[in-house]
Amino acid sequence: MTCNSDTTKTKTKSSFSSSATQKFWDGMAKKYSDQPIADVPSYEKKLEITRGYLRPDMNVVEIGCGTGGTSLLHAPYVKTIHATDISANMIDIARKKAEEEGVTNVTFERASVDELKKEDGSVDVVLGLSILHLLEDKEGAVRRVHGMLKPQGLFVTSTVCAADMGVGTKVLLNTVVRAGQFFGLLPNFGIFSKTELEESFKRNGFDIEYEWRPSRDKAAFIIAKKKT
């Protein structure tokens with residue numbers, strides 16, 4: 001894992017492979033699906049803001065969709081959603097939800113960001129919610145999203161920017177999480193600031209369209225627009 005923060009530039013490599021990451025999240029799928037949303041008001045605000053940018057003719061991709069809840073909630077506002085996740089068990093749960101709710105314009109696929117096959121310039125909006133801080137190659141993922149988006153397409157993100165958080169959170173990440181990664185027990189968790197995340201977007205051809213964060217200990221909600 002590469003960890004970039006305001007206070008340290010040390011690099012620690014996670015021993016987790018892609019298959020181990022998939023296995024980890026497969027094991028978490030049922031618990032993840034059953035777990036209630038921690039901050040309902042913030043989640044609902046993000047849904048509302050996102051829908052202000054959606055149109056009925058749009059084709060949307062979601063990376064790191066988990067068990068599909070957000071894609072299913074946005075489905076009535078767009079033409080199609082192609083939702084992906086590295087975990088097969090997460091995708092199985094998402095498909096069952098879609099079937100139970102009668103949603104027909106959302107397709108689910110087990111795929112990492114690297115495995116996702118989309119033609120350049122073919123997508124109107126990409127959703128990346130609670131995913132960028134979990135990727136080993138965040139920069140590569142941002143470039144990949146930029147490629148698949150149409151000119152002025154939108155990348156809607158919600159990202160834990162741990163470098164901005166309180167001292168207690170930083171101590172936890174610098175001890176328990178890094179130790180777990182070193183011994184191959186935990187998947188990647190990137191440590192970077194909101195400013196560093198925005199710089200990553202700008203480096204890779206995006207302008208910041210909108211940003212909001214309830215507090216420094218909460219995820220940063222950023223909508224980035226692909227430059228023409």
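**View 1. A right-handed β-α-β unit is built from β4, helix α5 (residues 138-148) and β5.** Right-handed means that, with the strands pointing away from the viewer, the path from the first strand over the helix to the second runs clockwise. Helices (H or I, at least four residues) and strands (E, at least two) are DSSP runs, numbered from the N terminus. This is a predicted model, in which local features need pLDDT of at least 70 and side-chain atom pairs count only at pLDDT 80 or more, while totals for chains, interfaces and linings use all residues. Residues are numbered from 1 along each chain as its sequence is written, and side-chain values use heavy atoms, leaving out hydrogens and water.

**View 2. Strand β4 pairs with β1 and with β5.** Two strands pair if DSSP finds at least two bridges between them. With β1 (residues 59-63), β4 has four bridges in the parallel sense, and Ile63 faces Gly128 of β4. With β5, the parallel pairing has six bridges; here Leu129 stands opposite Ser158.

View 3. Look for Val125: beyond four places in sequence, its contacts (heavy atoms within 4.5 Å) include Leu54, Val60 and Val156.

**View 4. How confident is the predictor?** pLDDT is its confidence in each residue, from 0 to 100. The protein averages 89, but residues 1-15 stay under 50. Where pLDDT is low, the predicted coordinates should not be read in detail.

Conventions
pLDDT = per-residue confidence, 0-100.
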